[in-house]
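Here's a quick walk through one model, helix pairs and individual residues included. Have a look at the sequence and the 3D view first, then read on.

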Amino acid sequence: MSQIPLISVIMPVYNAERYVGQAIDSILAQTLDDFEFLIADDGSTDHSLSVLQTYAERDQRIRLSCHSNQGVSRTRNQMLQQARGEFIAVMDADDIALPDRFALQVDFLRQHPAVVCVGGSHHLIDEAGRLLTFLDLPQTDEAIQKAALAGHGSICHPSAMIRRYALEKVGGYDEAYHSAHDLDLWLKLGEVGQLANLSQAVLQYRLHPHSVSGRNPIAQRLEARQACEHAWQRRGIEGQFEAEDTWRPAGDRASRHHFMLQYGWWAFNSHQRQTALLYGWRAIKALPLSLEGWRLLVCAAVKPLPDKGFPSSEGYPDPDP
């Protein structure tokens with residue numbers, strides 16, 4: 001590829017054979033197609049690499065590499081060194097980009113030269129692609145930075161498009177962070193430019209137990225606090241860390257019960273009755289004697305759905321590579 005692309009998409013892959021085909025298809029189907037697609041297999045032990053090789057043979061925009069497992073932060077930094085585009089589009093191997101994502105984000109960055117990174121609102125889906133809810137994130141630099149300084153991942157990492165020069169200016173990803181390197185990056189980028197989120201949905205973000213957040217929710221919270229403390233020191237401010245609670249189920253029954261209820265009510269309020277029934281049953285399995293799971297199950301089965309489906313569930317998805 002001799003022509004310099006407008007966008008460099010970077011996507012590390014590790015044991016994502018179940019989802020990675022959908023992720024790649026969603027990038028190749030973008031309405032703005034002036035991009036190179038850098039994919040790095042980070043030592044997968046499943047069939048991810050064979051899936052990637054099949055796609056790389058079909059589309060010349062894909063630049064595939066593979067190496068032994070070295071972690072997501074280092075892998076992203078290596079791809080950044082290879083990237084040639086003016087803009088860096090972050091992508092994860094288990095998510096789905098909506099078709100106009102690149103067009104909307106490039107247009108926004110062209111119109112707002114002070115913004116160095118733009119994310120967007122997104123749909124939350126589960127491991128099977130079932131819709132849970134719509135997450136509407138803060139859109140202004142002030143609101144995003146305030147949330148990030150308190151520990152909230154106020155930009156959804158795989159929805160981000162970043163000016164390459166800004167990424168280079170802050171030194172890319174800090175490889176000391178394994179599960180909060182995105183929050184650390186937002187805090188550093190916020191020191192060299194403005195941050196923004198689009199009001200439009202640009203991504204379907206998948207919640208499943210095998211993601212980094214799903215595997216290490218406690219370690220993620222500790223790293224997020226450390227990233228905030230470093231940012232407070234750099235900025236010479238006194239901060240307060242708010243994001244103490246994990247945003248993925250832990251290993252205990254009470255945590256699973258709590259999140260199954262949350263997912264179920266999200267689905268019910270989004271007019272996804274069958275999904276709400278499923279999560280009601282999962283909540284009951286986690287804590288059979290709790291009335292809350294039974295309440296969700298009964299409501300999902302017989303209660304009229306809300307007048308307006310697909311409501312905005314304002315909140316912050318905490319760091320997840």
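Where is Asn 15 found? Asn 15 sits in the loop between β1 (7–13) and α1 (20–28). Keep in mind throughout that this is a predicted model.

As for solvent, Asn 15 is partly exposed, with a relative accessible area of 32%.

His 271 is another non-glycine residue with a positive phi, here about 65 degrees. You'll find His 271 in the loop between α10 and α11 (273–286). His 271 counts as partly exposed, at 32% relative accessibility.

## α10 and α11

In general, a pair of packed helices is described by the angle between their axes and the distance between the axes. For α10 and α11 the angle is about 165 degrees, and the axes are 8 Å apart. Because angles over 145 degrees count as roughly antiparallel, α10 and α11 are roughly antiparallel to each other. Their crossing is left-handed.

The contact takes in Arg 253, Arg 256, His 257, Met 260, Leu 261, Tyr 263, Gly 264, Ala 267 and Phe 268 from α10. On the α11 side are Arg 273, Thr 275, Ala 276, Tyr 279, Arg 282, Ala 283, Lys 285 and Ala 286. Sorted by class, the contact of α10 with α11 has nine nonpolar, three polar and five charged residues.

## α10 and α12

α10 (residues 253–269) also packs with α12 (residues 291–302), at an angle of about 20 degrees and with the axes 10 Å apart. That makes α10 roughly parallel to α12, since the cut-off for that label is an angle under 35 degrees. The crossing of α10 and α12 is left-handed.

Which residues meet here? From α10 come His 257, Met 260, Leu 261, Gly 264, Trp 265 and Phe 268, while α12 brings Glu 292, Gly 293, Arg 295, Leu 296, Cys 299 and Ala 300. By class, that contact of α10 with α12 splits into seven nonpolar, three polar and two charged residues.

Ile 10 is buried, with a relative accessible area of 0%. Beyond neighbours within four places in sequence, Ile 10 is in contact with Leu 38, Arg 76, Met 79, Leu 80, Ile 88, Ala 89, Val 90 and Met 91. Ala 180 is 170 residues from Ile 10 along the chain, with the two C-alpha atoms separated by 18 Å.

Now for α3 (residues 72–82), where Val 72, Ser 73, Thr 75, Arg 76, Asn 77, Met 79 and Leu 80 are buried. What do the buried residues of α3 pack against? Their partners are β1, β2 (35–42), β3 (62–67), β4 (87–90), α6 (164–169) and α7.

His 181 is in helix α7 (residues 181–189) and counts as buried, at 0% relative accessibility. The His 181 side chain makes a polar contact with the side chain of Arg 76, at 3.4 Å.

Arg 164 lies in helix α6. The Arg 164 side chain reaches the backbone oxygen of Arg 84 at 3.3 Å. Leaving out residues up to four places away in sequence, Arg 164 touches Ala 83, Arg 84, Gly 85, Glu 86, Phe 87 and Ile 88. Asp 25 is 139 residues from Arg 164 in sequence and 24 Å away, C-alpha to C-alpha.

## Ser 121 in strand β6

Last stop: Ser 121, in strand β6 (residues 115–125). Ser 121 counts as buried, at 0% relative accessibility. A polar atom of the Ser 121 side chain lies 3.2 Å from the backbone oxygen of Ser 199.

Not counting residues up to four places away in sequence, Ser 121 touches several residues, including Phe 134, Leu 135, Asp 136 and Leu 137. Also among them are Leu 198, Ser 199, Gln 200, Ala 201, Val 202 and Leu 203.

Technical notes:
Residues numbered from 1 in each chain as written. Predicted model: local features only at pLDDT ≥ 70, side-chain atom pairs only at ≥ 80, totals over all residues. Heavy atoms only, no water. Axes fitted to C-alpha atoms, helices over the stretch in contact; angles between N-to-C directions. Helix = DSSP H or I, 4+ residues; strand = E, 2+ residues; numbered from the N terminus. Parallel < 35°, antiparallel > 145°, perpendicular 65-115°, else oblique. Left-handed = near helix turned anticlockwise from the far one by under 90°. Contact = heavy atoms within 4.5 Å. Nonpolar A, V, L, I, M, F, W, Y, C, P; charged D, E, K, R; others polar. Buried < 20%, exposed > 50% of the residue type's maximum accessible area, 1.4 Å probe, protein only. Polar contact = N/O pair within 3.5 Å; in protein donor to acceptor, adjacent residues only side chain to side chain.
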